[in-house]
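Thank you for making time for this one. I would like to walk through the structure slowly, so please keep the picture in view while I talk.

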Amino acid sequence: MYDRGTLGHRFKLLLSLPPLITNKDNIMINGSKPLAHPIRWSMVGGGSLSQIGYSHRSAALRDHCFTLVAGAFDLDTQRGRTFGAQLGVNPDRCYPDYLSLFEEEARRADGIQAVTVATPNGTHFAITKAALEAGLHVVCEKPLCFTVQQAHHLRDLARERRRVVGLAYGYAGHQMICICASRWPWTPQTGVWPRPCPIPT
Ligand SMILES: NC(=O)c1ccc[n+]([C@@H]2O[C@H](COP(=O)([O-])OP(=O)(O)OC[C@H]3O[C@@H](n4cnc5c(N)ncnc54)[C@H](O)[C@@H]3O)[C@@H](O)[C@H]2O)c1
């Protein structure tokens, strides 16, 4: 059994210690410094009521490689603006929709360099396409699009604009999936898993 009192005391002690690494040098938790300046980052979707927005922010911001400077966070403009402000984004840079976000930010010398698309599935293709056309790097939630033709279009656009499109398949890195995939690889010939994938012991 845990001694709650002792744990609470240790936690308070931990909080009172000075941080080992401070934000000002943009040093990652592993001690490396891959970027001189954090990437100026924005989000489409991922608003206050969304499920996945928090995961993107906690992953992107913890290592100081990204700084959240703008967004079209929500279908509801006012809710998106209030939420953006709570996240420390200038309310003037909380836009009502993704087209305004890309257009207005392109006019700024300190405009966004990358965007995360965390909206419902049916919107991903159009938003990613518009982002690439605006010269942005993209991290898109799965699925990227619905057809192979759309995927080829985005691939060609990204190559042409020399931009990166990253896709968030969060569970692809889950230990159980990795173990199953290494033991029972998917076969492109059949397109199915050769046998049921039991929980590894
Ligand atoms: N990788 C994973 O493990 C994982 C897990 C959950 C969800 N997802 C994916 O993430 C995406 C979002 O899922 P969710 O559950 O967070 O959705 P959600 O419906 O909970 O939230 C969507 C958010 O996007 C906003 N939004 C919707 N349309 C918009 C638009 N056109 N412009 C700006 N904002 C808009 C909404 O206001 C809301 O804040 C989906 O594509 C889903 O498949 C992935």
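Where pLDDT is low, the predicted coordinates should not be read in detail. For the protein chain as a whole, the mean pLDDT is 86, and 79% of the residues reach 70 or more.

Residues are numbered from 1 along each chain as its sequence is written.

Let me turn to the helices, which, like strands, are DSSP runs numbered from the N terminus (H or I and at least four residues for helices, E and at least two for strands). Helix 4, residues 98-106, and helix 5 have axes that come within 10 Å and cross at roughly 10 degrees, the axes being lines fitted to C-alpha atoms over the stretch in contact and the angles running from 0 to 180 degrees between N-to-C directions. That makes helix 4 roughly parallel to helix 5, a term used for angles under 35 degrees, whereas over 145 is roughly antiparallel, 65 to 115 roughly perpendicular and the rest oblique. Here Tyr 98, Leu 99 and Phe 102 of helix 4 meet Ile 127, Ala 130 and Ala 131 of helix 5.

Helix 5, residues 124-133, also packs with helix 6, residues 148-161, at an angle of about 15 degrees and with the axes 10 Å apart. So helix 5 is roughly parallel to helix 6 as well. On the helix 5 side the contact is made by Phe 125, Thr 128, Lys 129 and Leu 132, and on the helix 6 side by Gln 150, Leu 154, Leu 157, Ala 158 and Arg 161.

Two loops remain. In the loop between strand 4 (137-141) and helix 6 lies Pro 143, which a cis peptide bond with omega of about -5 degrees joins to Lys 142. His 64 lies in the loop between helix 2 (53-62) and strand 2 (66-72), and its phi is near 60 degrees, a positive value in a residue other than glycine.

Definitions and conventions
Predicted model: local features only at pLDDT ≥ 70, side-chain atom pairs only at ≥ 80, totals over all residues. Contact = placed C-beta atoms within 7 Å. pLDDT = per-residue confidence, 0-100.
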